[in-house]
Amino acid sequence: MRSPITCHVLNTSTGRPAQGVVIKLQQYEETEGNAFLFNPIAEGKTDSDGRCTDLLPPTTSTETENLLKPGLYKMIFRTKEYFDSQSVKTFYPWVEITFELSDLTEHYHVPLLISPYGFTTYRGS
């Protein structure tokens, strides 16, 4: 069993894992009008390997269906604090990645590659 959503942050300017990046997980809530409302559901921090594997409690696929629902989610990575701890200036104070959970029996892994002036992501496994 593992958290149904995990992530990994690598600092591409040093080639090293990004330890201590604060991550916030939010869930989209449908609202009247055009408002984009995301509610916080979890918070974590990357470990010495740049991974956050305990964002949500470890669950079986049945338990995941009780914990989450299909829909839009957002991970916010607080990159400025990380780069400040490295005494490095950065252009992006945080990175927001919005993604969709469609099949709750799958594991969702969100890797993030960061540098002081850029970032990229992809669907991990």
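Arg-78 and Glu-81 are joined by a salt bridge in which the closest N and O atoms are 3.1 Å apart, a salt bridge being a side-chain nitrogen of Lys or Arg within 4 Å of a carboxyl oxygen of Asp or Glu. This is a predicted model, in which local features need pLDDT of at least 70 and side-chain atom pairs count only at pLDDT 80 or more, whereas totals for chains, interfaces and linings use all residues. Residues are numbered from 1 along each chain as its sequence is written, and side-chain values use heavy atoms, with hydrogens and water left out.

Arg-78 is partly exposed, with a relative accessible area of 26%, and Glu-81 is partly exposed at 41%; here buried means under 20% relative accessible area, exposed means over 50%, and partly exposed lies in between (1.4 Å probe, protein chains only). Side chains of opposite charge can pair when their charged atoms come close. The count of salt bridges comes to 6, and among them is one between the side chains of Glu-106 and Arg-123 (3.1 Å, N to O). Because Glu-106 lies in the loop between strand 7 and strand 8 while Arg-123 lies in the segment after strand 9 (118–121), this pair ties together parts that are 17 residues apart in sequence. Helices (H or I, at least four residues) and strands (E, at least two) are DSSP runs, numbered from the N terminus.

Another salt bridge brings together the side chains of Arg-51 and Asp-49 (2.9 Å, N to O); Arg-51 is partly exposed at 31% relative accessible area, and Asp-49 is partly exposed at 37%. Both residues are touched by His-8, whose contacts also include Gly-50, His-109, Val-110, Pro-111 and Leu-112, not counting residues up to four places away in sequence; contact means heavy atoms within 4.5 Å. His-8 is found in strand 1 and is buried, with a relative accessible area of 13%.

Leu-10 also belongs to strand 1 (residues 5–11), but this residue is partly exposed, at 29% relative accessible area. With neighbours within four places in sequence left aside, Leu-10 is in contact with Arg-16, Pro-17, Ala-18, Leu-112, Leu-113 and Ile-114. The C-alpha atoms of Leu-10 and Pro-111 are separated by 8.0 Å, although the two residues are 101 residues apart along the chain.

Strand 3 (residues 22–29) and strand 6 (residues 71–78) run antiparallel and are joined by 6 bridges, and Met-75 in strand 6 is the bridge partner of Leu-25.

Setting aside neighbours within four places in sequence, the contacts of Phe-77 include Cys-7, Val-9, Val-22, Ile-23, Val-95, Ile-97, Val-110 and Leu-112.

How values were computed: Two strands pair if DSSP finds at least two bridges between them.
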